[in-house]
Amino acid sequence: MILMSGLSQNALAELSSDRNYDRIPHFCNMLRFAVLKKNNSMMAIGGPWDPVDGGDPSTDDSSLIRTALRYAKDVVDLDLKKCQHWNRFLEVIYLNSPLFFIVALNL
């Protein structure tokens, strides 16, 4: 799970403006993400899906959300139960075991 703050009012205004720019505003510079830092690397908060989280994560996003909620609470003591906007944004097949990444928006 990666936490994303979403667009600020200024960034949204900049994106939707009819103003001519010397440079095109880069979308990646407007988003803010929260990840964990360990040694010299960054990592997402989370861990493997477990049957206690619900149905098959390849077809059931609610089980991924429950997994994200469980790991956020266990790893960083962060309660995300009030977060209402979740988007699946990446799926990786690793040694025949799928890994899913889900992002929490509008915290």
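How many residues does H2 have, and how far does H2 reach from its first C-alpha to its last? H2 has 16 residues and reaches 22 Å, close to the 22 Å expected at 1.5 Å a residue; the expected span is 1.5 Å times one less than the number of residues.

**View 1. The whole chain, a predicted model with 2 helices and 6 strands.** Starting at the N terminus, the elements go β-α-β-β-β-α-β-β. Helices (H or I, at least four residues) and strands (E, at least two) are DSSP runs, numbered from the N terminus. Residues are numbered from 1 along each chain as its sequence is written, and side-chain values use heavy atoms, with hydrogens and water left out. Because this is a predicted model, local features need pLDDT of at least 70 and side-chain atom pairs count only at pLDDT 80 or more, while totals for chains, interfaces and linings use all residues. The mean pLDDT (the predictor's confidence in each residue, from 0 to 100) is 75, with 68% of residues at 70 or more.

**View 2. Helix H2, residues 61–76, has the highest mean pLDDT among the elements, 87.** Several H2 residues are buried: Ser63, Leu64, Thr67, Ala68, Tyr71 and Ala72. Here buried means under 20% relative accessible area, exposed means over 50%, and partly exposed is in between (1.4 Å probe, protein chains only). An α-helix has 3.6 residues a turn, so residues three or four places apart point the same way.

**View 3. Zooming in on threonine 67 in helix H2.** Why does threonine 67 count as buried? Its relative accessibility is 6%, so threonine 67 falls in the buried class. Setting aside neighbours within four places in sequence, threonine 67 is in contact (heavy atoms within 4.5 Å) with Gly47, Pro48, Trp49 and Asp53.

View 4. Aspartate 77 lies in the loop between H2 and strand S5 (85–94). Its phi is positive, about 55 degrees, although aspartate 77 is not a glycine. Most residues other than glycine have a negative phi. Is aspartate 77 buried or exposed? Aspartate 77 is exposed, because its relative accessible area is 57%.
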